[in-house]
Amino acid sequence: MYKLYKIHLITLTIIFGFFSCKPNKEMKNSSLHKEIEQKVDSVLGLMHIDEKIGQMVQYSAGWDLTGPPSSKNAQDKVAQIKKGLVGSILNVVSVKEVREAQKLVMENSRLKIPMIFAYDVIHGLKTMFPTPLGESASWDLELIEKTASIAAKEAAASGLNWTFAPMIDVSRDARWGRIMEGAGEDPYLNALIGVARIQGFQGDDLSDESTIAACAKHFAGYGFAEAGREYSTVNVGEFELHNTILPPFKAAANAGVATFMNSFNDIDGIPATGHKELQRAILKEDWNWNGFIVSDWGSIGEMAAHGFAKDKKHAAEIALNAGSDMDMESFSYERNLKTLLEENKVSLAHIDAAVKRILRVKFQLGLFDNPYKYCDEEREKNNIYTKEHLAIARDAARKSIVLLKNENAILPVSKSVKSIAVIGPFADNKDSPLGNWRAKATYNSAVSLLEGVKAKVGKNTKVYYEKGIELTVPTVKAGENQFMFPLQMNTEDRSGISKAVAIAKKAEIVFLAIGEDAYQSGEGRSQTKIGFAGLQSELLEAVYKVNKNIVLVLSNGRPMDISRANDILPGILVTWQLGSASGNGIADVLFGDYNPSGKLPVSFPRNVGQEPLYYNQKNTGRPFNNKHVTYAGYTDSKKSALYPFGFGLSYTHFSYDHLKVDKETMSSEDKITVSVDVKNTGNVAGEEVVQLYIRDLVASVIRPVKELKGFQKLLIKAGHKKTVSFVIDKEVLQFYTINKKWEVETGEFHLFVGGSSATEIKQKISVE
Ligand code: BGC
């Protein structure tokens, strides 16, 4: 036995040593790629069936795993790991913990195949950046790539090598709690931002010690949960699936994302986890993608609850046959795949293919060269929560802010203003800005708005502060259990409102910090109400009675119903949950050290009844027009958004002129260049996101009234003008047609250019 073990050890050393190389995502067709394939095959050739199935198993483990196991469950997990029967661990973080866990397999198992360590590093590890939806409002791909690369660097310095991000589910329903985790309502924006995040996490070289594997999730349709109800069924037709939901995933696959995660929901009666067409036919075959698919947490086993599988055994059979490669925490694979193989219900070919995909990523990460390469205490000490990272967090915070309203130029505020009242449950809140998926952020570590404001003004400015109300009832001690389910809203204690009113009376201007807590959005936090919870509206009205000079500083994970505030307040800033440097970033905008440049990645509704609400709708046979509102939508509300996708103000103004095309007709293989002059007509420099939308007027499958197809974010000096151009080609004009192919159809198209999805500045072209 010992001998056999030694022989394997030598064989493995030869194989791994011989093919010591640094793969990257460009390698698909290169000789290095071939070498990795050979290595993968060689390792596979050494594996017993139990070891193969083991690679397809992912456990979640906390401290228990590496300390003395305290529960039976943890002991069982340790025993399996020691036998080499676990391919991956999630939720073990820190060099010490990861090393201990990796040692279990490296020092005990027969083949010593390193485990891959995963964690939800969604918007930072310890240095928190804005929530993904918030950061998407920056429309700044370079910045987004940068923050993802810092998140990767901190994660990799903590022993990790795989994140479950980015989420690229197109999400159009503000009730859905997880809308905060993606890039909003548009497929094109989700695709570009998703790719920027993947590039940030993975860099050019997955084997670099400061990069980690990314995961495109959730494949597919999760963002279309019916009525925004968490985990709910998804009913989309084939064309909507291909034209709206899948494009960001296709872009992720093309960008070389190492892994995909499937999703909890069913699509038209087929759970995504058991969806053969999605996983095998589309992702693995049509798109020719060679990474591996991990299930969502327990989603293989959950197919039984869906009523799609009889039990976990049946679920394992369905999932593997459908193309799910790794089972996250449902134990369906480890307990059943071997029997299923013996019963001929699954094939060895499918198991081998799944294992190869998993091994390939492990080779690409360089884990076979050094299983402890992410376990370096020095790097952990020096690379996390650094000054440089916090400076980028501040930049990301201010660039993600969206100015929705600025009547009478209430903003920016002069730093020599005599007095400011900072009021509200989010005014001195150092925790909520850290967001919902906050990984290893320290409780209460964000810069609060109050701190940001105080740091900005001089001694002669009086800064008053009152919380006014408690938003939530503390059911657990702060920081002890961040996942309070559900949050209890405080509707009793009005004692602070009069104090808030007293300072509002004395102040020249009020910054009213209300909105929603970080734990009101995120997974499992769908809501039927999206207005101001608790006593916040009472606070707003009371303060407004005594001081009209109010800027609403909105804290939000999702688009909220801010209609009443919008009716009465002169200034509104959308500040999401902006991360570690939140208050400084907001103060930069409030006092004009940064001219706001964010644009909404999701429409803000007038009320919850409009949801799901998105700009890229299809026309009905009785289209919306301002004269016949009731025909087009509701009798008690306008159909349009309060603030549409792509909208956001600046402290300056931009004019759009001379939209022109270099020719008016093209063939489907040809190109047209459209250009426009954008002029900064105000007194300060500012950034504008110039947006290109198209409409395909008549098509074999109805196309949306507008579709984002390009954008450029430009800094333009006061009084200056820039000419911006976009190329219109096949990529821009094609869609998934009635022929079930991506094609350009002949006919007329409108091209719109402007500073939001509401732009009516247009040109016509036709494809012949
Ligand atoms: C979520 C995933 C997440 C996973 C692991 C699931 O509940 O849906 O997005 O990556 O848990 O934490």
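How far does a polar side-chain atom of R178 lie from an oxygen atom of the ligand? The distance is 2.6 Å, which falls under the heading of a polar contact (a pair of N or O atoms within 3.5 Å; within protein, one must be able to donate a hydrogen and the other to accept it, and residues adjacent in sequence count only if both atoms are side-chain atoms). The model is predicted: local features need pLDDT of at least 70, side-chain atom pairs count only at pLDDT 80 or more, and totals for chains, interfaces and linings use all residues. Residues are numbered from 1 along each chain as its sequence is written, and side-chain values use heavy atoms, with hydrogens and water left out.

**The ligand**

- The residues around the ligand (those with a heavy atom within 4 Å of it) are L90, D120, F164, R178, K217, H218, M261, F264, D296, W297, M328 and E523.
- This shell divides into six nonpolar, one polar and five charged residues; Ala, Val, Leu, Ile, Met, Phe, Trp, Tyr, Cys and Pro count as nonpolar, Asp, Glu, Lys and Arg as charged, and the others, Gly among them, as polar.
- An N or O atom in the side chain of D120 is 2.4 Å from an oxygen atom of the ligand, and for the side chain of D296 the corresponding distance is 2.6 Å.
- Taken alone the ligand exposes 310 Å², and the protein buries 92% of that; the areas come from the Shrake-Rupley method with a 1.4 Å probe, and for residues only the protein chains shown count as cover.

**Helix α8**

- Q202 is in helix α8, residues 187-202; helices (H or I, at least four residues) and strands (E, at least two) are DSSP runs, numbered from the N terminus.
- Q202 counts as buried because its relative accessible area is 3%; buried means under 20%, exposed over 50%, and partly exposed in between (1.4 Å probe, protein chains only).
- A polar atom of the Q202 side chain lies 3.0 Å from the backbone nitrogen of A214, and a polar atom of that side chain also lies 3.0 Å from the backbone oxygen of G256.
- Leaving aside neighbours within four places in sequence, Q202 is in contact (heavy atoms within 4.5 Å) with residues including T211, I212 and V257.
- A191 lies in helix α8 as well, and A191 is buried because its relative accessibility is 9%.
- A191 and A251 are 60 residues apart in sequence, and their C-alpha atoms are 5.8 Å apart in space.
- Not counting residues up to four places away in sequence, A191 touches P247, P248 and A251.

**Cysteines**

- A disulfide is a covalent bond between the sulfur atoms of two cysteines.
- With a disulfide taken as a pair of cysteine sulfur atoms within 2.5 Å, a search of the whole structure finds zero.
- C215 is buried at 0% relative accessibility, and C375 is buried at 6%.

**Backbone details**

- The peptide bond from K217 to H218 is cis, with omega near 0°, and H218 is in strand β5, residues 215-219.
- Another cis peptide bond joins E611 and P612, with omega about -5°; P612 lies in the loop between α22 and α23.
- Y385, in the loop between α16 and α17, has a positive phi near 55°, and Y385 is partly exposed because its relative accessibility is 29%.
- A409, in the loop between β11 and β12, has a positive phi near 45°, and A409 is exposed because its relative accessible area is 54%.
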